[in-house]
Amino acid sequence: MVVDPSEFIPFSEWLASAVGGFVVLALVIFVAWTVIAFAFTAIRNTPQQAVSIVGGGLKRAVLEDFPRTSIRRIVGMTRLAVQEAIRNKVLIIFALFVVLLLFAGWFLDVQNDHPARLYLGFVISTSTYLLLALAMFVSAFSLPNDIKNKTIYTITTKPVRAHEIFLGRVLGFGLVGTVLLILMAVVSYVFVVRGLDHVHTIETASIEWDDETGMGTGYTSVDSHHRHDFFINGNLEGGDDPVGFTEVAQGHSHAIFKDGENYVLGPPTGDLLARVPVYGSLRFLDRYGRESDEGGDGGLSVGKEWTYREYIEGNTLNTAIWTFEGLTPEMFNTGPAGDEGTVPLELNLRVFRTTKGDIEGNIQGEVLLVNPEKTLSVVDRYSAPISFEAEEFQTFQVNIDYDEIRRQNPQTAELEQVNLFRDLVVDGKLEIHVRCREHAQFFGMAQADLYIRAPEGSFEMNFFKCYLGIWMQLVLVTLFGVFFSTFLNGIVAMVATLAIVVMGISSGFIGEVQSGDAPGGGPIESLIRNITQQGATVDLDMGETATSVIQAMDSFYLDTMESIAKLAPDFPKFNMASKVAYGYDIDLDLILKQITTTLVYFFVLLFAGYFVISSREIAA
Amino acid sequence: MNLETSFKRKVSYISGIVLLLFPLFYLGQPATSDSEGGRGGKLAQLRSENYLAQSNLGEIDPVSSTMQLATFGLRPIAVIVLWEKATRFQKMEDYDNVTATVNQISKLQPNFVSIWKFQAHNLAYNISVDFDNYRHRYQWVRRGIDFLMEGTKYNSQDAKLVQEVGAYTGSKIGGSDEKRQFRRLFSADDPFHQRMENYGLEMDSQLVAGVDGKPDNWKVANRWYQKSEDVAKFSDSGIRGDWLRFYERKPQALIYYAIALEDEGYLDTNAQQAFAVAHSSLEELGSLDILSSFTGTTLRLNQGAEFQRKLDELRQEINALGPDVRETLRKERFASLSKPQQDALNLAPELRTEYHIGLVQEANEQLFISETEVAEAMPESVKEQAMLLAAEAEDMAVQADAVNYMRSMINYDYWLKRCEMEQLELAITARKTTAKGDELFVQARLQPARLEYEKAWEMWTEIFEDYPSMITKDTGQNLMPSIANYVELLGQFDEEVPEDFALRSIVELAETELAGTPESNIQFPSPSNPNRIKGEVPKNDYLQNK
C-alpha cells in the first residue's frame, strides 16, 4: 500500500508545525472581514464612524454574543434545519445509494484479484461523493432561500444571535448527514461482507495423496469466479482444528476441516483485515556501503516513472535500513529470560530482474538485525543474516524467532544466539537491514514496505474510522456551504463550495502544475496545446514573446489558485479508503490530525460566519 | 397581436413540425427484422452498410448499453477520464484498479476494437512482466487473453480480433522466456479451458489435445485461427489486410507445437506425428486461394511450378517462331554494356567483390529481355502470333513471380522441408543422441558425452546432405547449445573444433549469434577496490573496511 510520507510525522510534531498554518488561516479571514466591513461601513458613513461601528461589532462579539450563547436556541435552530432538510427530501440520497449498490455487480469487476479492495473502494467512494454533494446542496441553498422567501424574519425578529443561526444550520445539516452516513455505513458493511462470502467444496475423490508424507493436494471447486490450490495433512485427526489450508486466491484463503470422511472449507480469511504496522524510518547505503552523508548515492532508480520506491542492487552493499524506535520486549512476547519471542516483520517488496535468473525461484534476500550504536565494532553490531525469499505484490511475513538471531563468535567461529534486547536494541532503537542476495537483481522499497506487525486491530473499528473521515469531510463541506450562503446567493454559494472542494481535492495537482512537475503548462498554455495539437512535453511553438506572456498569465493565475487551495482543507488526507481496502489499521495520530483540522475550520468559519451575518443587518 | 395572428402562428408551427417529421422519418426510421426486410431510414442503412449497427457487430450487452446511456452525451469524456485513470493506476502499480478501469472503458466503447487490442496487449505483455512470480505473470497473460475473448463477443464479425486471441494463446504462452512454465500452467488451467469452451472452442476435442491429453496452447491457438478463418468466410467485412499473413498462422501454430514437443523432450512418434500434421496443414495452405497484392488476383502457393512450366512452354513456342532472335538480342545487349560490367559478368561468381556484385546487378538489369521485346524483334510474318504468346508469357511470369514472392515471404519452402525432415526416423534418432550427449555433458561424463555428440554429428551430416536448406539458424536453434557444449567439451581435452567439422556452418551461425550478446556490466569495481572483478562478492572487503 502506498503511504504518504507526511503520515509518518507524529501528531505532536505535526501540531507544532501546523499551528502556524492555522493562525495564518484565522488571520487571513479575520483581516479580510475587518477590511471589507470597514470599507463598506466607511462608504456608507464616515471612516471615523466605520472605526467605531466595526470596533463595536468586535466588542459585541467578544463581550456579548459568544459568552451568552444559548444551547436551547441552538437546539431550536438545529431542529429547524433538520426539518428543512427532511422537507427537501434528502433521504432520496440514501435510496439512490441503495439502487447503486443493487446494480454494482454490473460494473464492478467480479473477477478481480482483490475483490475486497474493489468493493470497499466502491462503497466508500460512493458514500463520500453522494454525501458531499448532498451537504453542498443543502447547506448552500438554505439561508439564501430563507432570505428570498423572507422566512428569515421569523428568526431574526426573535432574540437569536448570528452565530446561533450559523451553528444551528451546520449542526442540523450535519446531523441529517450523520444519520445518512450511518445508514450508508451499515448497508456498505453488509454489502462488502456478503459480497465476499462464499463457500467452496472439495471432492474427496479428487485429492491426490502422497503416500510417503500423507499430504494431499488438489483444487477446490470454482465459486465466486475463483478456485484455490490446497494442502491437507492426512495424518491429522481434525476435530475443531484445521487439517489443511488453501493457497491465497482473490486476496483470501480458507482453513480446511475434517468432517467425517469429507473435507469442508471454513469461511474466507485474510481479506478483511486491520493490520497494525509499526513503521520505522528508512535510509539507504549505496552499493559501496556508504551512507548518504558520506557521499553515498542512496537507493537506486531502475528507470520507473513512478519514484515512490527506491531500489537496492543484489550482491553488493546496497542496503535498505529501517530504524525503529520505542521497541519494548512486550511487543514481541519476549519470555522472562529474554531469549524467547518472535519479531514479526512484514515486507512488501518489489523485485526487478535484469536477467531471467531462475524463472521458477524467487529472489533471495537477507535481513540483519543491527545495533544502531555505530561506535561498536561490526562484530558486535550485526546479527548473522537471516534469509528470505521475496514475493512481489503481496505482503509476506518474515517471522524471526529469537533463537534465529545469532552472531558468529570470533573466537570459536560458531554461531551463537544473541539476546535481542540486551545486545541489539538500544533505548528501544533497532536497525533492520535488508539486502538482495542475487547478482544483477534488485529489490524496490519505500518506507512503508517493511514494518513490525503489532497485534491485529478490528476490521469493523477500522471501517468505522474510515467513515469518521467521511463524516469530517461532510462537516467541512457543510461549514463552507453555510458560510458562503451567509453572503452569496444560493447557486453562487454552491459553486463557491464546489470550488473549495475541488481545490482541496486537487491542491496537489495544482502544486504540480505550478511547479512544472506536471507537464503541459497552466490553463491557457494547455488550452493552446489542445487546440493546436502540441504534445505536453515539447516546447510551446508560439514564438518567444507570446510564450512568455502566456506563461506569465498562467503563473499569476496558478499562484492565485494555489493560495486559495492552501486555505481549503486537504480533502484527500481525510480519505482513508485505501487503508481499509488494503487492510491496514488507521492510525490514531491520523484521526487526531483530522479532528484538529476540522475543529480549526469549524471555529474559523463559525467566527467568520457570525461576523458576516451580523454585518449584513438582515433584519434592517 | 390579435387572436387571428396567434392562431396563424400556432398553425404554422404545427405544419412546420409535421413537415419536419418527413425528413426525420426518412433519416431516422429504425431498421426492423420483419419478413419484408425493413431496412430502416437512411441512418440505419448507412450503419448497416458500414458495419456500424450493433446487430452486425456482435452481441448487445445490456450493462454496456446502460452505461453508455447513463453517461448521456458525455461518453467520450468519461472514456478519456478513464484512460487517464488507467494509465495513472498502471504507473502506480495499482493493477487491481487498472483491470477494473479497463473493464469500464470496454463497457463504454465495446465496438471500438483498438481498445480491446491495446488493453489486452497491455495486460498480457506490459503488466504481466512487472510481476516476478511466473504464476502471477501467467495470470496476467490469461487475463489479457480473456479480455480479448470478451472483445470478440462484442465484435464477432472482426476476424482479426479473433485471430489475436490465437496469437496470444500461441505466441505469448508458447513463445515467452517462461514458455515451459506457461505451457504447463495453461494445460492444467481447467477454468480457463471452460472459459474458452464458452466462446465456442471444443476444448475436449483431439484437435486441441497435447501429448498428455490436455489442451495444448499451440493447438488451441490453431483452433482460434480456424475460428478467425470461419469468421472471415461468413462475415461481410472478410479479411482486412494481407491474406497470406492471415492464413499462414494456422499451420504455423502446428509447426510450433511440434517444435515445442521436441524442445520438451518428446523425441518419439509424438513429435513425428505433430510434424506430419503440420506438414499436411502447410499443404492445405498451399492449395488455398490467396489474394496477392502483387497481381490483385487470387493465387495458390502450390501453383508456382505450374506457372513456371507454362512459362517455359510459352518461351519455347516463342523461340520456335524465331530461333535466333533471343540470342541476337542478348548479344546486342551484352555489347552495349560497359567494359567493367562485361568483365564483372565474366568473372567467376566466387571471385566477385562487392564492387563486382554491384556491376553485375546493373548489368543484369540491362540484360533483361522481356518476352514483348523478343516478340517485337521477330520477323513481320510471325510478329502478331509472337506478340500474343509474349503477352501470355509475361502474364505467366508475373504470376510465377508473385507465387515465389509469397512463398518466400512466409519461408514456405523451408517449413515444408523442415516438417518433412523432422519426420525422418534418422532425425529423431539424431535429436535423441544429441540430447543424450547433453545429459552426459551436464553430468561431466565427458568421454561418453563426446562419443554421443560425434555419433549425433554424423547423423546430422547425413540429414543435412539430403536437406541442405536446413542449415539455418532456425533448424540449428536447438542444436546450437549442444554444439556449444561440444566445443567446450573439446576444450577440456585441449582440442579445437576440427577444420572439417561437418556442422561448421552451424557453428559459424552460432558464433555470429553469440557475438551480438553484450556482456553484463551491472556491477562496478568500488573506489576502495578498483580492481575488483565483476560479479565478485564484495561483502568481505566491506567488513574489513569498517
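Two exercises with worked solutions follow.

The model is predicted: local features need pLDDT of at least 70, side-chain atom pairs count only at pLDDT 80 or more, and totals for chains, interfaces and linings use all residues. Residues are numbered from 1 along each chain as its sequence is written, while chains are lettered from A and ligands numbered from 1 in the order in which they are written.

**Exercise 1.** Determine which elements of chain B give two or more residues to the side that touches chain A.

*Solution.* Begin with the contacts, defined by C-beta atoms, placed from the backbone, within 7 Å. By this criterion, 31 residues of chain B meet 32 residues of chain A. Next, assign these to helices, which are DSSP runs (H or I, at least four residues) numbered from the N terminus.

**Exercise 2.** Identify the residues with the most contacts inside the largest nonpolar core.

*Solution.* Such a core joins buried Ala, Val, Leu, Ile, Met, Phe, Trp, Tyr and Cys residues through C-beta atoms within 7 Å; buried means that 20 or more other C-beta atoms lie within 10 Å of the residue's own. At least three residues come from each of domain 2 (62-240) and domain 3 (301-415) of chain B, with bounds from an automatic or database domain assignment. Finally, inspect Ala258(B): leaving aside residues up to four places away in sequence, Ala258(B) touches Ala271(B), Ala274(B), Phe275(B), Ala278(B) and Glu422(B).

Notes:
Two residues are in contact if their C-beta atoms, placed from the backbone, lie within 7 Å. A residue is buried if 20 or more other C-beta atoms lie within 10 Å of its own, exposed if 12 or fewer, and partly exposed in between; C-beta atoms are placed from the backbone.
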